[in-house]
Amino acid sequence: MYSLALQDVLYEHKLHPTLSMSGEEKKIKMQTVIPKTSAALTSLLRADFTTQWRNRRSVVLLLLVPVIILISWKGLIAKMGGAFALSTCITIGLTAIGLMGYSNAIARDRDKGVFQRLRVTPVPTWSIMVSRLIVQLVLILLVTTFVFIVGSEYDEVTLSPAGYTLTFVTAFVGGALYLGLGQMIVGLVKNAETVNSTTRLVYFVFIMVGMFGDLGVLGEELKKIIHWSPYGTVKAILAGSMQPSNWSSQTSLALLATIAYAVAFSYLGIKKFRWNTQ
Amino acid sequence: MNNKPGSSILQVNGLNVSYGTFHAVRNVSFEVKAGEIFGLLGPNGAGKTSTLSAVEGLLKPQSGTITVAGFDTAKKPLHAKANMGVQLQATSFQPELTLAEIIKLYAGIYCVELTREKLQNILQDIKLEGSSSKKFKELSGGQQQRVSLVIATIHDPVLVLMDEPTTGLDPQARRQLWERIEAMREKGHGILLTTHSMEEAEAVCDRIAIMDHGNVIAIDTPQVLIDTHRNDQNVISVSRKGKITLEDVFIGLTGRTVRT
């Protein structure tokens, strides 16, 4: 007969706090206390960071796109301004994180049943998502830092300490918008492959229309529209925070618009989100 | 509160589950006792997985109550989940994680301390001692089921839920899994499993409930069900081997029509 070795190991080493060890009798005891959420969150974070590390090639690509743009714009920086260049590159990085990274990972894990497996454990569902979001926040930090380093070392664009600090803060706000947008797509679209193609399309439109429209190549009307689009408002607050002394009422309005977009996208994304695809 | 053999660890009362206008589970009631293997049988679409999903907390019932280890799943869902271990029909773990990392993740979620030595003992027990760095998808079906079961029971829950655990397994792997399930019963775990295999139900289940169109149409031990329906004309008419089997009773009660 099966040796019961696993159960014996669990009992012998008192692995579980609820195991009763009265004399020779081994009893399975009912749990009256749920495992600590902090402990569960730590385990989830470890797993999510490991997953991200194993997908480090995609992280490198995430960093490469804004950096290549920044390097290729070296000759134009004097004309367009350091804040314009850096804010554009960070915005592109944030867009990639929210649309390409986060939403595709969520769609894939939902499709494979990874979330269902986690949901039958005694962890609050919010902690599953919080763990994923913390990984994305670290990526935002990484992209922003990387752009700052390349901007400083290669393009000789430096900011004041206040500028750097404020830009990190606004990068998180802008990142929240794109994570919200990614959440909305994954909430509205069930199929993982469709999520993948949708996010690629939206990313392409954001980058192309946003970047060229912002430069005025696509006309003045479109430039105005882009300015108040999710692309434009994020770029505006990033550019504004890089030069705190130039922060204007327009930048404040862009900040409010960014927060409003983030709230609206997140609300829709959470409301429409289903943990499984069936 | 210890689970004495025979004490009720899962109580399902008047459970109703609907998907839009489709009433998938209709007023279902049953209980699973400690040290008992309870089988939920039924044709496709009978409501087995919906019932199990409601117990697991994966879907919200329209009405009815579910109590696990004394905790109402609607009022104390996390307490109820802490007392159950679940093996899903199609278990999937993060594909980037290794076996050791997956086990550590779930041990961490349940606050089960896991040293390297203990992890090795667990892997040795499921005959995967050399596979700690393998990914889940690299394992065979039988190995995947053993990993799923070890994760489902890593916190030693009073109730273990298994959704078609032997689907796709070869006879050796299936027998091995049955032995593990029976070993859990001997330890005092209550086990609720769904299956399409009448052989499995007869071999391992102490009691079974047959579901059809969302209703429980029969509930008892396999032998009592056979004895009770031995003389039913519907059952006799589908009998193939001259003697009445559980499969004959099942088909006699649920009909010959193939469900999709």
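Two strands pair if DSSP finds at least two bridges between them, and helices (H or I, at least four residues) and strands (E, at least two) are DSSP runs, numbered from the N terminus. Residues are counted from 1 along each chain as its sequence is written, with chains lettered from A and ligands numbered from 1 in the order in which they are written. You are looking at a predicted model, where local features need pLDDT of at least 70, side-chain atom pairs count only at pLDDT 80 or more, and totals for chains, interfaces and linings use all residues.

**Stop one: a hairpin.** Select residues 8-19 and 22-33 of chain B: strands E1 and E2 pair there in the antiparallel sense over eight bridges. Now click B:Ser18, whose bridge partner in E2(B) is B:His23. Two residues lie between the strands of this hairpin, and B:Gly20 takes a positive phi near 65 degrees.

**Stop two: two domains.** Colour 1-83 + 157-260 of chain B as domain 1 and 91-156 as domain 2; such bounds come from an automatic or database domain assignment. Their centres, taken over C-alpha atoms, are 26 Å apart. Where they touch, ten residues of domain 1 of chain B contact eight of domain 2 of chain B (C-beta atoms, placed from the backbone, within 7 Å). Select helix H6 (residues 171-187) of chain B next: with four residues, H6 gives the most to the domain 1 side.

**Last stop: confidence.** Colour by pLDDT, the predictor's confidence in each residue, from 0 to 100. Chain B has a mean of 90, and 97% of its residues reach 70 or more.

Notes: Two residues are in contact if their C-beta atoms, placed from the backbone, lie within 7 Å.
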